[in-house]
Amino acid sequence: MAAPPEITLQDLNGYWVMNKSLSDPLDSVLALQGINWLIRKVVSLATITMRVIETKDTTGTTHIRVEQTATGGIKGETEERKLDWSPVPHSSGVFGEMNNGTRWTSIGSEAESGGGGPLHPWLTEGWLDEKPVEDRRTHVQNWVVNEKSGWTAEPIWGFAMVNGKRYHVRRFLVKKGDEEATACMVYDWKGVKRWDVIVLSLQKFDS
């Protein structure tokens, strides 16, 4: 299901499922990250679901918790993202040990890559012009470093029109040495469950 207009990056709360028919194949990206053929095959067949919980702390900093599950025997993982660009260690059963920074960003000419210099042009293409958080920052930017395997990943989150409908989209750029690979992931909106509405209401009350 396409994302309704009231669902924005400022409120991603709910369930999202990767739409494999609209998303790019992930094989080249995963291969560059050192993932073996068998796991890449399992990932290509799996249904990947995200439960997203987005809140703000007392300083106004956004926190995004992503609980990801997948079919096919892939172990679920939880990522905690604090949108202040501070590196957060994350241990993944698939990708290993990583540091992960996240922030609000723009996608204009002034936007900077986590590795320095301007954002790769591929990361800035095809987006809808959504309402900015502040200072023209309209998108979420991740910068992921896996020092042991020698790769970096730079996903940009936003919304885009796909086949005439508005979807939540994440564009990935992975680099390792002089090699790079890209993938665009498109997500179906699956709504918010009743219990999550209660939990989110309590979290907002506590903040």
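View 1. Two strands pair if DSSP finds at least two bridges between them. Helices (H or I, at least four residues) and strands (E, at least two) are DSSP runs, numbered from the N terminus. This is a predicted model, in which local features need pLDDT of at least 70 and side-chain atom pairs pLDDT 80 or more, while totals for chains, interfaces and linings use all residues. Residues are numbered from 1 along each chain as its sequence is written, and side-chain values use heavy atoms, without hydrogens or water. Strand S1 covers residues 14-18, and S2 covers residues 48-56. The two run antiparallel, joined by four bridges. Gly-14 faces Val-52 of S2 across this pairing. On to S3, residues 62-70: nine bridges link this strand to S2, again antiparallel.

**View 2. The hairpin of S2 and S3.** Five residues lie between the two strands of this hairpin. Gly-60 has a positive phi here, near 90°. Thr-55 has His-63 of S3 as its bridge partner. His-63 leads on to the next view, where Lys-82 has a C-alpha 4.6 Å from that of His-63.

**View 3. Lys-82 in strand S4.** Strand S4 spans residues 77-82 and includes Lys-82. Lys-82 counts as partly exposed because its relative accessibility is 31% (buried is under 20% relative accessible area, exposed over 50%, partly exposed in between, with a 1.4 Å probe and protein chains only). In sequence, Lys-82 and His-63 are 19 residues apart. In space, 4.6 Å separates the two C-alpha atoms. With neighbours within four places in sequence set aside, Lys-82 is in contact (heavy atoms within 4.5 Å) with His-63, Asp-57, Thr-61, Thr-62 and Thr-102.

**View 4. Ser-23 between S1 and H1.** Ser-23 sits in the loop that links S1 to helix H1, residues 27-32. Ser-23 counts as buried because its relative accessibility is 9%. A polar atom of the Ser-23 side chain lies 2.7 Å from the backbone oxygen of Asn-19. The backbone nitrogen of Val-186 lies 2.8 Å from a polar side-chain atom of Ser-23.

View 5. The loop between S4 and S5 (88-92) holds Trp-85. Most residues other than glycine have a negative phi. Trp-85 has a positive value, near 70°. Trp-85 counts as partly exposed because its relative accessible area is 28%.

**View 6. Asn-163 in the loop between S8 and S9.** Strand S8 covers 151-162, and strand S9 covers 165-176. Asn-163 is in the loop between them. Here too a residue other than glycine takes a positive phi: the value for Asn-163 is near 55°. Is Asn-163 buried or exposed? Asn-163 counts as exposed because its relative accessible area is 69%.

Note on methods. Polar contact = N/O pair within 3.5 Å; in protein donor to acceptor, adjacent residues only side chain to side chain.
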